[in-house]
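Student: I am new to this structure. Could you walk me through it?

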Amino acid sequence: MDRRLFFMLNRARAVLYRHADSGVEQAIGVPAAQVSLLFALDKFPQASMQELGEVLGLNSSAMTGLVQRMKVAKLIERVVSHEDARVAHLRMTNKGRDKMIAAKPLLAKLNKQLVEGFSVDEINTVLKFLNSVHTRFSQPKGDIE
């Protein structure tokens with residue numbers, strides 16, 4: 001068993017993302033990254049693009065490209081804030097909401113596949129580890145300590 005945590009996390013993330021992306025796009029015609037933004041918008045409807053980028057772990061250029069592709073696909077739209085005309089928020093369209101709803105059972109199935117063969121205690125340990133990684137390393141420090 002390979003014990004290089006950073007390497008194994010990256011490898012697992014890459015293979016899982018490819019699997020999810022191909023399955024979701026094939027089933028509903030929308031890539032997983034776009035589905036992720038739809039779920040983030042559903043959870044944080046008044047969030048700025050920067051805040052949504054942080055939720056998704058995307059830098060501003062990646063977020064801008066993602067938003068542009070989703071606007072062209074008519075999954076989201078930009079709406080000027082009622083409080084401040086200089087600020088625009090993203091809003092899910094009806095088409096976007098339909099795609100998000102269609103993705104839910106696919107992601108539920110994927111989550112079920114992820115936990116197959118593991119006990120509740122083992123999954124809780126994995127979740128504790130992943131949440132700990134997120135908490136410890138979410139603020140950039142520059143140097144590896």
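**Two crossing helices**

Tutor: This is a predicted model. In it, the axes of helix α2 (residues 32-43) and helix α4 (residues 60-72) come within 10 Å and cross at roughly 90 degrees.

Student: How is α2 oriented relative to α4: roughly parallel or roughly perpendicular?

Tutor: Their axes cross at roughly 90 degrees. Angles of 65 to 115 degrees count as roughly perpendicular. Therefore α2 relative to α4 is roughly perpendicular.

Student: Which residues of α4 meet α2?

Tutor: Start on the α2 side, with Ala33, Gln34, Leu37 and Leu38. Across from these, the α4 residues are Met63, Leu66, Val67, Arg69 and Met70.

Student: How many residues in the contact of α2 with α4 are nonpolar?

Tutor: Sort the contact by class. There is 1 polar residue and 1 charged residue. The nonpolar residues number 7.

Student: Which elements cover the buried residues of α2?

Tutor: The buried residues of α2 are Ala32, Gln34, Val35, Leu37, Leu38, Ala40 and Leu41. Their cover includes α1 (5-28), α3 (49-56), α4, β1 (76-80), β2 (88-92) and α5 (94-115).

Student: What does methionine 70 touch?

Tutor: Methionine 70 is one of the α4 residues that meet α2. Set aside residues up to four places away in sequence. Methionine 70 then touches Gln34, Leu37, Leu38, Leu75 and Ile76.

Student: Which element gives the most to the largest nonpolar core?

Tutor: That core has 20 residues, and Leu37, Leu38, Leu41, Leu52, Met70 and Ile76 touch the most other members. At least two residues each come from α1, α2, α4, β2 and α5. With 5 residues, the element that gives the most is α2.

Student: What span does α2 reach from its first C-alpha to its last?

Tutor: Helix α2 has 12 residues. At 1.5 Å a residue, 16 Å is expected. The reach in the model is close to that, at 16 Å.

Student: How does threonine 64 count by relative accessibility?

Tutor: Threonine 64 sits in helix α4. Its relative accessibility is 45%. Buried means under 20% and exposed over 50%, so threonine 64 counts as partly exposed.

Student: What separates the C-alpha atoms of threonine 64 and glycine 53?

Tutor: Along the chain, these two are 11 residues apart.

Terms used:
Residues are numbered from 1 along each chain as its sequence is written. This is a predicted model: local features need pLDDT of at least 70, side-chain atom pairs count only at pLDDT 80 or more; totals for chains, interfaces and linings use all residues. Side-chain values use heavy atoms; hydrogens and water are left out. Axes are lines fitted to C-alpha atoms, for helices over the stretch in contact, and angles run from 0 to 180 degrees between N-to-C directions. Helices (H or I, at least four residues) and strands (E, at least two) are DSSP runs, numbered from the N terminus. Angles under 35 degrees count as roughly parallel, over 145 as roughly antiparallel, 65 to 115 as roughly perpendicular and the rest as oblique. Contact means heavy atoms within 4.5 Å. Ala, Val, Leu, Ile, Met, Phe, Trp, Tyr, Cys and Pro count as nonpolar, Asp, Glu, Lys and Arg as charged, and the others, Gly among them, as polar. The expected span of a helix is 1.5 Å times one less than its number of residues. Buried means under 20% relative accessible area, exposed over 50%, partly exposed in between (1.4 Å probe, protein chains only). A nonpolar core is a set of buried Ala, Val, Leu, Ile, Met, Phe, Trp, Tyr and Cys residues joined through side-chain atoms within 4.5 Å.
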